Amino acid sequence: MDRALYIAMTGAKNNMMAQTSHSNNLANASTTGFRADWAQARAMPVYGEHYPTRAYSMTERPATDFNDGPLNETGNALDVAVAGDGFLSVLDAQGNEAYTRRGDLAVTPLGELINGAGQPVMGNGGPIVLPPYEKLDIGDDGTISIRPAGAGPNEMLVIDALKIVNPDLQNFEKGTDGLFRPREGDEVLEADPALRVVSGFVEGSNVNAVAELTNILAINRQYEMQIKMMKAADDVSQAAEQLLRLN
Amino acid sequence: MHKALWVAKTGLEAQDIALANISNNMANASTTGYKKERAVFQDLIYQVQRQPGAQSTQNTQLPSGLQLGTGVRTVGTQKMFTQGDLNMTEQPLDMAINGRGFFQVLMPDGNISYTRDGTFHLNANGEIVTASGYLLEPNIQVPEQTKTITVGTDGIVTAVTANDNIPFEIGQIDVVDFVNPAGLQAIGSNLYLETAASGQPQVGVPSLDGFGAIIQGALETSNVTIVEEMVDMISTQRAYEMNSKVVSTADQMLGFINQNL
């Protein structure tokens with residue numbers, strides 16, 4: 001069979017994968033703290049003892065978009081958004097430290113601080129546990145102070161501080177659970193005291209819906225062209241078959 | 001088939017739930033003691049199609065891989081227990097809690113439920129009941145021929161009757177608090193039930209030990225902000241439209257290949 005057919009087929013197949021990646025971004029347009037994934041296609045020439053006439057396409061996710069998302073005011077003292085750079089530190093399902101921008105926090109009956117996805121939030125010395133409180137305040141640098149139940153307004157207690165890290169974004173990638181971890185080197189990052197949070201806000205998704213939709217439409221057309229190429233390859237071999245028919 | 005189709009479907013479902021939630025909040029914009037809810041979304045797991053760092057040949061490595069997300073999931077809805085505004089009604093049996101805490105209500109099945117709605121009435125026996133007719137717990141019997149009822153900020157209820165001009169105590173309204181009020185289960189009629197996520201109820205005296213004070217003659221309004229809900233509704237609608245556009249695009253792609261090959 002003609003090679004053009006297979007090359008067009010990989011093109012169409014990889015277009016569908018890119019389409020999936022963009023539609024995942026769009027589906028998460030309302031997910032708190034979500035970071036959009038990039039998708040790019042790359043030419044993969046076939047190396048060997050022949051002329052490099054065949055270059056297959058390959059879709060890949062080179063990185064994640066680390067631009068800031070919109071800040072939505074909620075007025076809830078337990079909601080925090082990281083202002084500018086930085087990531088909040090949480091524990092993943094295996095109990096290891098991982099990083100997220102998600103700051104819609106809540107308190108369990110045992111006083112543990114968790115985020116909207118149910119992951120325990122890390123403080124300076126491990127997961128944060130809060131005593132019963134009447135009023136809670138999260139400061140600009142992530143310091144959590146509370147007024148214990150029954151205490152007067154002059155008895156604010158500092159409990160812990162949110163662990164906010166400033167990772168090297170070149171070496172930072174999204175895992176299969178949607179949390180971020182360093183790609184290489186030390187798995188646990190140090191807290192950076194220079195980073196800031198704002199309380200009473202949650203950070204929305206940084207998906208640019210217009211860009212994603214435009215990409216989806218562009219990929220759609222590209223895909224149609226690949227199908228046209230497959231059709232052309234089919235026509236060519238049909239013509240050859242007719243020409244060479246014996247009777 | 002086409003993965004994008006299923007991914008976009010999860011997006012449509014999520015926006016659908018978000019809109020249902022927004023419309024419920026807006027419908028309850030004037031419900032006494034209503035606490036707004038927000039839908040909590042989470043990205044679904046990612047599938048590794050090609051592992052980053054895998055060998056492309058014996059000597060070369062792929063610089064980046066391909067991980068495809070599978071869409072969005074609604075984790076749940078979360079009640080936002082921020083304080084509503086106080087609406088002064090000057091009715092002696094209207095009460096609002098200023099701060100943390102809930103009134104206890106005895107359900108007809110004998111269970112206790114909790115509410116922030118302090119629209120109380122008297123029933124035929126002179127007992128204090130909610131607007132639905134359920135007894136306040138602990139119940140307070142108002143004597144006959146009562147002229148005035150006064151509720152203190154600490155929940156002590158005193159009455160003055162026609163026969164006797166000296167006020168006397170007829171009961172005490174307790175409030176309860178939870179470690180995680182957002183974990184309470186809303187059962188409608190402005191009532192909540194205790195769950196494993198909310199923690200055990202802690203009974204206390206209003207305005208003491210961190211509990212909110214009772215304000216007589218006031219009602220707590222809903223904490224829904226209409227403007228906020230409207231803006232949420234606009235973004236939800238547009239996100240829904242865009243996700244449905246993905247579904248139709250994915251459909252067109254599959255249709256195109258069927259027609260042309």
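Me: How many of the residues in chain A are buried?

Reply: A residue is called buried if 20 or more other C-beta atoms lie within 10 Å of its own, exposed if 12 or fewer, and partly exposed in between, with C-beta atoms placed from the backbone. In chain A, 40% of the 247 residues are buried. This is a predicted model, in which local features need pLDDT of at least 70 and side-chain atom pairs count only at pLDDT 80 or more, while totals for chains, interfaces and linings use all residues. Residues are numbered from 1 along each chain as its sequence is written, and chains are lettered from A and ligands numbered from 1 in the order in which they are written.

Me: What is the secondary structure of chain A?

Reply: Helices (H or I, at least four residues) and strands (E, at least two) are DSSP runs, numbered from the N terminus. Chain A has two helices and 18 strands. Its radius of gyration, taken over C-alpha atoms, is 26 Å, well over the 18 Å that the globule rule (2.2 Å times the number of residues to the power 0.38) gives for 247 residues, so chain A is more spread out than a compact globule. Along the principal axes, the C-alpha atoms of chain A fill a box of roughly 105 × 35 × 30 Å.

Me: Which element gives the most to the side of chain A that touches chain B?

Reply: Two residues are in contact if their C-beta atoms, placed from the backbone, lie within 7 Å. By that criterion, 49 residues of chain A meet 54 residues of chain B. H2(A) gives the most to this side of chain A, with 10 residues.

Me: What span does H2(A) have, and against what do its buried residues pack?

Reply: The expected span of a helix is 1.5 Å times one less than its number of residues. H2(A), with 35 residues, reaches 51 Å from its first C-alpha to its last, close to the expected 51 Å. Its buried residues include A:Leu213, A:Ile216 and A:Tyr223. The buried residues of H2(A) pack against H1 of chain A together with helix H2 (226–260) of chain B.

Me: Is B:Gly33 buried or exposed?

Reply: B:Gly33 is buried, with 22 other C-beta atoms within 10 Å. This glycine lies in the loop between helix H1 (3–27) and strand S1 (37–43) of chain B. Leaving aside neighbours within four places in sequence, B:Gly33 is in contact with B:Thr115, B:Arg116, B:Asp117, B:Asn190 and B:Glu220.
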